[in-house]
Amino acid sequence: MKNVLFLIFLLVVFFAKSSFALIEIDITRGNLNPLPVAVSPLYVESKSSEALKELEMGSKISKIIETNLLRSGLFNPLEKDSFVQKPDIAHLKPRFEDWKLIKAQALITGKINITDDKLRVEFRLWDVLAAKEIMALAFTTVPDNWRRVAHIITDKIYERLTGEEGYFDTRIIYVSEKGPKNRRIKKLAIMDQDGANTKYLTLGNELVLTPRFNPTNQMVTYMSYFRNLPRVYLLDIETGVQEVVGEFPGMTFAPRFSPDGKKIIMSFAKDGNSDIFTMNLETRVVERITEHPAIDTSPSYSPNGKYICFNSDRSGYQQIYIMRSDGSNVKRITFGQGIYGTPVWSPRGDLIAFTKMYKNRFYIGVMRIDGSGERLLTENYYQEAPSWSPNGRVLIFYRETKSGSQGEGFSATLWSIDLTGYNERLIETLTDASDPSWSSLLSK
Amino acid sequence: MNKSIFLSVIFHIIIISLTAISFPYMIRKPIDLPPIISIELIQISDFTNIPYAPKAKKILEKIKKEKERVISEQAPPKIVKKEKPDAIPLPKDAKKKKKIKTKKQNPKKIESEIKQVSEFEKKELFDPDQIAALIDKSKVETAETMRKSDKLTQSQDKNFIASGLSLSEEDALKAQIFGCWSIPLGLPYNENLLVRIKLKLKTDGTVIKSEILDHARMNTPGQGFYKVLAESALRAIRLCQPLRVPTTGYDRWKDLQLNFDANEMLKG
Amino acid sequence: MVLGNSIRSVLLVIMAAIILSACATKTTKKVGDYEISKISGDTFTGVETVKYLATGVPDRVFFATNKSILTTASRDTLRKQATWLRENKNINVTVEGHCDERGTREYNLALGERRANAAKDYLMTYGISGNRISVISYGKERPVNAGSDLLAWSQNRRSVTVKAN
């Protein structure tokens, strides 16, 4: 009996020793470096008749893809001089060892072709470490549209590698400013999100402020002092035709579109009181949304159109409120120190971006729609009016500098910052700029 | 009598003017609380984590950035937990310093600090009953109970008791993977960012097979970021081959599970 | 002796009050050899930037930060404007409301409108018909002082009455 027990004991010990626990190791740190990617120049068939044109356009397209990825702050496009493989072979079968050597983790290759006045661009996205292709797409369009092809390709790559929709095939509308600080000449300007293709929509004869796109990016609503009457206007980008919105007997301002594009929501000021109104663009019916002796302004719809966040000083100072889209159920959501303004609802529906003023400094921040989780992203002498990228990840806003006693040294510039507070970036514009607003994805 | 009234008025004027003028000087300065010194408990990892030094610069840069950024009203609950319930209310500066200091520390250290407090309150890990259990039961069972208590902490004590890797062995491996893992910056910071990957290794540290637990989550709508996170973890493992495995005891570590958690880095 | 004591106490109190009242915040700027008190309680009180509708009738009133309340000085100015408007029944005016640059653009448009209406309403209480007074807000778009300091900002927070015909 003792021997049996002893044997059993030995066996138990033996098995206990050999059945080791599965070792678990927690990896809670990594580097927050942008992902190294290699953007290979687009491959051109040497026999092609348009080879020169294709080469030039191909290199421009890959440059735009590179710049877009770099500016997003999430990617690090590697220097082309270090590329070992030629574009043609890389596009067919990359030698992943070569790309691994230069530390690339993703590779983008492509091919460009222009025949019969048609542009065709093909691209492939490769996972260098897994040594396999993870995406391949081709686009056909007119040659003039080559910039948009580059932006759409970037969107696809971005989406595949981050899991989120991109924001590169978009436009930004803003107010271009020039002149002495107390007599600025302002024009509506529109440009690609990377600063290219700037176009002016007004001449600068009257003051224009706060322009916003409609959901299809074909119309713009803004405020103008045309004929010295400050009113909200509607502008068709294609035709250039402008019309006043409604027949209000007083100043209207701070306009935005509803998410379905059917209404314009704005503030109307009369006898010292500003309230929020909407006007249906088809029926022309005007609806009152707020009724309060305090200033109610800067309204912004939630993406599902059911709620509106706005700025009101009914508590004594500017704070942010939420209400249902019919004006009922008004609730204050900001209770922190300082005063809050310019609330704008994220396209994802989960956050509201705002401007905060505290102790003579200006902050851009985000908070949840119930007012909790306030996070301040950046601080400055003066900055305000954030606007969301269509994927709800990036905010664009404007800054003004302190000027001397005669207004010298004054400048207004556009900036963008990632939702996480990283990647604060100056957005280059041809002139001084303010009041930026981001379009939705053009390709949708 | 006139003389005395006159003298009295003069004296009154002098006193009043003295008090009026001296008001600014009499403003009391707030009592300066002694600066809070946070004691950095030196862990063994401090010595074995030397390869981490070049990364430290990046972290320090990040901290400098944090310093410039304004800390929002609602401090993350983590920090609040650290203070004992009857702690002196800290002046704002000390609070900031403490927050930055904790970032500098290896996450392990934060846990140790919490442990210092909780030792007196919770007696989690040094429970004599559990230690008795360790002696009696087989290693496998102990490992399960120990790990279940808190997945996200890096408790050296737990690993030391339960796993087969020594502290320095584990540190070497961790440091290696820390360097290889490029955390995608685009991840939503308020979601569960944990990817668990099981590995089968060869004796030289190369990976024979890798398996993502929670594989189904990769295709769940609304969890697209999980696929991205998982892919980044796989890239890290591939990049880091051959893994820095111990030279002996292959049977101990031939099956390894790496729990990639991006929460700490992204929540900041 | 009792009377002497009470006189002393009264004098004490008066003395204390006089000394303390001198402690109101002031921002002063040297002009030439003498200092002129220009901002009192955050509202501009100087004469720089002020134009005149007629002799002795200043064209503007000033406000404190974020406020549209009329100060005593403002009401005094508006009374003079009202008198002048009563004497010149054929003149119509526009009241322009302005803000300093330290605020969000849209809210400042509304605040300017409120300030302009504060002035208009006061003029109307002195019998000037509302039909003669139109109102426009320029928010922070048309500062009179392009500087970025307290003085400039206080000069920009204003309601200006302008002849419309």
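Reader: Hello! Which domains is chain A divided into?
Author: Welcome! This is a predicted model, and chain A splits into two stretches. They are domain 1 (35-162) and domain 2 (171-438).

Reader: What distance separates the centres of domain 1 and domain 2 of chain A?
Author: The centres are taken over C-alpha atoms. The separation of the two centres is 37 Å.

Reader: Where does α2(A) lie, and at what angle does it run to β4(A)?
Author: Start with the sheet: 5 strands of chain A form an open sheet with mixed pairing, in the order β3-β2-β4-β5-β6. Helix α2(A) lies across β2 (35-39), β3, β4 (106-115) and β5 of chain A. Its angle to β4(A) is about 145°.

Reader: Which are the edge strands of that sheet in chain A?
Author: An edge strand here pairs on one side only. Going along the sheet, the twist averages 25° from one strand to the next. The edge strands of chain A are β3 (75-77) and β6 (132-141).

Reader: What is the bridge partner of D127(A) in β6(A)?
Author: Strand β5 (residues 118-127) of chain A and β6(A) run antiparallel and are joined by 9 bridges. Helix α5 (residues 146-162) of chain A also packs on this sheet, touching β2, β4, β5 and β6 of chain A. In β6(A), the partner of D127(A) is K132(A).

Reader: How many residues of strand β10 of chain A are buried?
Author: Strand β10 covers residues 208-213 of chain A. A residue counts as buried if 20 or more other C-beta atoms lie within 10 Å of its own. By that test strand β10 of chain A is mostly covered, and the count is 6 of its 6 residues.

Reader: Which residue in the turn between β10(A) and β11(A) has a positive phi?
Author: β10(A) and strand β11 (residues 219-224) of chain A run antiparallel and are joined by 4 bridges; one pairing sets L209(A) against M223(A). The two strands form a hairpin with 5 residues between them. In the turn, the residue with a positive phi, about 65°, is N217(A).

Reader: How many residues does the largest nonpolar core have?
Author: In soluble globular proteins, nonpolar side chains tend to be buried together. Those with the most contacts inside this core include Y222(A), M266(A) and C309(A). Leaving aside neighbours within four places in sequence, C309(A) is in contact with residues including I320(A), W345(A) and I352(A). The largest nonpolar core has 80 residues.

Reader: Which residue of chain B is named in the second, separate core?
Author: This core has 66 residues. From chain A it includes V39(A), A106(A) and L119(A). The residue named from chain B is V195(B).

Reader: Which residue in β2(B) stands opposite K198(B)?
Author: Strand β1 (residues 194-201) of chain B and β2(B) pair in the antiparallel sense over 5 bridges. Opposite K198(B) stands E211(B).

Reader: Why does S210(B) count as partly exposed?
Author: S210(B) sits in strand β2 (residues 207-212) of chain B, and its contacts beyond four places in sequence are I197(B), L199(B), L234(B) and I237(B). A residue is buried with 20 or more other C-beta atoms within 10 Å, and exposed with 12 or fewer. S210(B) is partly exposed because its number of other C-beta atoms within 10 Å is 16.

Reader: What percentage of the residues of chain A count as buried?
Author: Chain A has 444 residues, with 5 helices and 30 strands. For chain B, with 13 helices and 3 strands, 19% of the 268 residues count as buried. For chain A, the value is 48%.

Notes:
Residues numbered from 1 in each chain as written. Chains lettered and ligands numbered in written order. Predicted model: local features only at pLDDT ≥ 70, side-chain atom pairs only at ≥ 80, totals over all residues. Domains from an automatic or database assignment. Core = buried A, V, L, I, M, F, W, Y, C linked by C-beta atoms within 7 Å. Contact = placed C-beta atoms within 7 Å. Pairing = 2+ DSSP bridges. Axes fitted to C-alpha atoms, helices over the stretch in contact; angles between N-to-C directions.
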